[in-house]
Amino acid sequence: MKAVAVLVIVVLAVIQLAMVAQGAITCGQVDANLAPCIPFLTQGGEPGAACCSGVKTLNGNAQSPDDRKTACNCVKAAANRYPNLKDDAAQSLPSKCGISLNVPISRTINCDT
């Protein structure tokens, strides 16, 4: 009986750790989600299906305030890596993909607000 109780506690601890790790967004995830958008963000035109899929995934992953702040800082850093990023394309990306993005795409945004 004691061994079963210990096993249950261990299983619950592993599940809890997996849930915590799953909720934390990383810059690698943000970059991977927005990578298909680089042609649109630097050249204009229309975002492709892969771009919009990545934007929707990013939006779904950045639900908590901490995740949105992290994602915002990651997006800001990524935007600053592309000096030819078109600000008007970045601002129009969410609407062109048919969503309301809860993370702004900007070089100058203050992610603390």
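**Close-up views of a predicted protein model**

**View 1. What lines the largest pocket.** The lining of the largest pocket has ten nonpolar residues, two charged ones and no polar ones. Here Ala, Val, Leu, Ile, Met, Phe, Trp, Tyr, Cys and Pro count as nonpolar, Asp, Glu, Lys and Arg as charged, and the others, Gly among them, as polar. Among the lining residues you'll find Asp31, Leu34, Ile38, Val75, Arg81, Tyr82 and Ile105. H5 (65-80) gives the largest share, three residues, and H2 (27-34) and H3 (38-43) each supply at least two. Helices are DSSP runs (H or I, at least four residues), numbered from the N terminus. The pocket holds about 160 Å³ of space. A pocket is an open set of points on a 1 Å grid over the protein atoms alone, where a 1.4 Å probe fits, with protein on both sides within 12 Å along at least five of seven lines; lining residues have an atom within 4 Å of a point. Its volume is the space filled by probe spheres set on the points, which are joined across faces, edges and corners.

**View 2. How confident is the model?** This is a predicted model, where local features need pLDDT of at least 70, side-chain atom pairs count only at pLDDT 80 or more, and totals for chains, interfaces and linings use all residues. Residues are numbered from 1 along each chain as its sequence is written, and side-chain values use heavy atoms, with hydrogens and water left out. The mean pLDDT (the predictor's confidence in each residue, from 0 to 100) is 81, and 80% of residues reach 70 or more. Confidence is highest in H2, with a mean of 96, and lowest in H1 (residues 2-23), with a mean of 40.

**View 3. The Cys37 and Cys51 link.** The sulfurs of this disulfide (a pair of cysteine sulfur atoms within 2.5 Å) sit 2.0 Å apart. The S-S torsion is about 105°, so this disulfide is right-handed. Cys37 is in the loop between H2 and H3 and Cys51 in H4 (residues 49-61), so the pair ties together parts 14 residues apart in sequence. Both cysteines are buried (under 20% relative accessible area, with exposed over 50% and partly exposed in between; 1.4 Å probe, protein chains only).

**View 4. The Cys72 and Cys111 link.** Here the sulfur atoms are 2.1 Å apart. The torsion is about -75°, so this disulfide is left-handed. Both Cys72 and Cys111 are buried.
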